[in-house]
Amino acid sequence: MQMTTLTTKQKATTWAAALAAALLCAPVLVAAAPRMLDRVAAVVNEDMILYSEVYERAGTEMAALESEGQATPEKKKLALRHALDEVIADRLLVAEERNAGIEVGDQEVDMAVEDVRRQNGMDAATFERALASKGQTLAAFKDKMRKDLAAMKLIGQKVRAKIKISDEDLKGEYAKQSKVDEAEVEVHARHIVIQVAKDASKEAEAEALKRAEALVKRARAGEDFTELAKKYSEGPSKADGGDVGFFKRGEMVAAFDKVAFTLKPGEISDPVRSPFGWHVIQVLERRAGKVKSFDEVKDELRDRLWRDQMQRHTEQFVADLRKQATVEVRVPELKD
């Protein structure tokens, strides 16, 4: 998809809005650490960071580990260390913003929040309900947005001038991307999905699997897959006979993606379990990826390089702030 070139101000606003929009899609945070476990986790210069703040910041990563069945003690500890690094960075940025006299007005915050609402296609009431479902209030969301915008202003001042993107950079990136696109296989598939509720009983799960297995047998016996999908599928592609079009690796949920790319054209899979239910997949064709012209993707490449350089310089800026600060980590399991 071709992207228009953004001004630096637009990029900063869009970046902050995108960060905030991501909060609406994030998992519900795990509960805050019990008060009896609260203690000073670290001290940045003279600013104290409580363990409960670190624990709450780690909530999204912890929830992801739990949902993937990977919440081992070591991975939880690593998530807490990541969270502590983020909180320390926040403290350093806030102090630097204060030194630089950076302020964010209410109008700027309201405009950014409005951008988030538009990006998510929500009216005001729906937006607040979405926030509430994640345990947030509109006031807290605005406060987070104000902090993000202030950080963007600071980083813009300190980092923006270091970003340099030449025509040679763009052409080099295009050459690399073209090789990837040319080598990347795309698969055209259709599927039948038998939905399974998240809180489904073992009996309901077994019944859904039984229905999927029966459909596999019928499709492999020669019944028209498109008609089976139109009649029995419970997914949004039902009306199209289960056709999901062409897709690349990583564009579908992991379980679906893994199986689809192992099938030959015409083959029908055994039932595949995903968070949505049981899928019966048929691959229709495979093809090499398409390579777009330089002019078609030039703006997209420029934006990608801009974001990459912004991230790299921002990380270096924060690392330099940390080197100049006095940081004492007081909880043993949070130390490197």
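In the predicted model described here, the side chains of Glu186 and Arg287 meet in a salt bridge, with an N to O distance of 2.7 Å; a salt bridge is taken to be a side-chain nitrogen of Lys or Arg within 4 Å of a carboxyl oxygen of Asp or Glu. Glu186 lies in strand 3 (residues 185–195) and Arg287 in strand 6 (residues 277–288), so the pair ties together parts that are 101 residues apart in sequence. Helices (H or I, at least four residues) and strands (E, at least two) are DSSP runs, numbered from the N terminus. Glu186 is buried, at a relative accessible area of 10%, whereas Arg287, at 30%, counts as partly exposed; buried means under 20% relative accessible area, exposed over 50%, and partly exposed in between, with a 1.4 Å probe and protein chains only.

Residues are numbered from 1 along each chain as its sequence is written, and side-chain values use heavy atoms, with hydrogens and water left out. Because the model is predicted, local features need pLDDT of at least 70 and side-chain atom pairs count only at pLDDT 80 or more, while totals for chains, interfaces and linings use all residues. The pLDDT, which is the predictor's confidence in each residue from 0 to 100, averages 87 over the protein, and 88% of the residues score at least 70. Over residues 1–32, however, pLDDT stays under 50, and for this stretch the model has 67 contacts beyond four places in sequence, a contact meaning heavy atoms within 4.5 Å. Where pLDDT is low, the predicted coordinates should not be read in detail.

By the rule given above, the count comes to 24 salt bridges. One of them joins Glu114 to Arg117, the closest N and O atoms being 2.7 Å apart; both residues lie in helix 5 (residues 106–119), three residues apart, which is about one turn of the helix. Glu114 is partly exposed at 29% relative accessibility, while Arg117, at 17%, counts as buried. Arg330 forms a salt bridge with Glu328, with 3.4 Å between the closest N and O atoms; Arg330 has a relative accessible area of 44% and is partly exposed, and Glu328 is likewise partly exposed, at 40%.

Two packed helices are described by the angle between their axes and the distance between the axes. The axes of helix 4 (residues 73–100) and helix 12 (residues 294–324) come within 10 Å and cross at roughly 85°, which makes helix 4 roughly perpendicular to helix 12. The contact is made by Asp85, Ile88, Ala89, Leu92, Leu93 and Glu96 of helix 4, together with Phe317, Val318, Leu321 and Arg322 of helix 12. Axes are lines fitted to C-alpha atoms, for helices over the stretch in contact, and angles run from 0 to 180 degrees between N-to-C directions; angles under 35 degrees count as roughly parallel, over 145 as roughly antiparallel, 65 to 115 as roughly perpendicular and the rest as oblique.

Ala212 is found in helix 9 (residues 202–220) and, at 0% relative accessibility, counts as buried. When residues up to four places away in sequence are not counted, Ala212 touches Ile194, Pro271, Trp278 and Val280. The C-alpha atoms of Ala212 and Val272 are separated by 8.9 Å, although these residues are 60 residues apart along the chain.
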